[in-house]
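The following note sets out a colleague's points on the model shown below.

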Amino acid sequence: MTLGVLSPNVKSSLSGSAFFVHSSIEEQEPPPPLRSYLCLTIFACFCPAYPVNIVALVFSIMSRDSYNLGDYEGSRRLGRNALYVAIASIIIGLLIIAILCAVHLTTLDF
């Protein structure tokens, strides 16, 4: 018997499929929540540590893409990387701002 040719000897079930299992739908867990930290990475883009900011934003977007493709473990890993890089970017940006303020205030002539 070839695929695509219906045989009158084969009867379908009432649900429309002979291989449909109802318990598999009820046992499936909902996907975990998305944690891509996109808002934090966008906020980090306003700090003056631009190469690091862009890396955090890319990790965040890749995390969202992995989540949409169903790779929840990869999405969680990329989201965690985006969080760490965004925090590092904010810290580096605050250090740059503090150093620039210190240099500016020490070079003023009163």
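**Notes on the fold and selected residues**

1. The chain contains four helices and zero strands; helices (H or I, at least four residues) and strands (E, at least two) are DSSP runs, numbered from the N terminus. The pattern along the sequence reads α-α-α-α.

2. This is a predicted model, in which local features need pLDDT of at least 70 and side-chain atom pairs count only at pLDDT 80 or more, while totals for chains, interfaces and linings use all residues. Residues are numbered from 1 along each chain as its sequence is written, and side-chain values use heavy atoms, with hydrogens and water left out.

3. Of the 110 residues in the chain, 20% are buried (buried means under 20% relative accessible area, exposed over 50%, partly exposed in between, with a 1.4 Å probe and protein chains only). The chain exposes about 8,700 Å², and carbon and sulfur atoms supply 68% of that area; accessible areas come from the Shrake-Rupley method with a 1.4 Å probe, and for residues only the protein chains shown count as cover.

4. Among contacts with a separation of 6 or more, 63% join residues 24 or more positions apart. A contact here means heavy atoms within 4.5 Å.

5. Asparagine 53 belongs to helix 3, which covers residues 50-69. Asparagine 53 counts as buried because its relative accessibility is 0%. Leaving aside residues up to four places away in sequence, asparagine 53 touches Ala44, Cys45, Cys47 and Ser89.

6. One salt bridge is counted, the criterion being a side-chain nitrogen of Lys or Arg within 4 Å of a carboxyl oxygen of Asp or Glu. The partners are glutamate 73 and arginine 76, whose closest N and O atoms are 2.4 Å apart. Both residues lie in helix 4, three residues apart, about one turn of the helix. Glutamate 73 is partly exposed because its relative accessibility is 49%; arginine 76 is likewise classed as partly exposed, at 43%. Side chains of opposite charge can pair when their charged atoms come close.

7. A nonpolar surface patch is formed by Ile87, Ile91, Leu95, Ile99 and Val103, with about 450 Å² of accessible area together. Patches are made of residues with over 30% relative accessible area and no salt bridge, like charges being joined within 9 Å and nonpolar side chains (Val, Leu, Ile, Met, Phe, Trp, Tyr) within 5 Å. One of the patch members, valine 103, is found in helix 4, which covers residues 72-106. Valine 103 counts as partly exposed because its relative accessibility is 46%.
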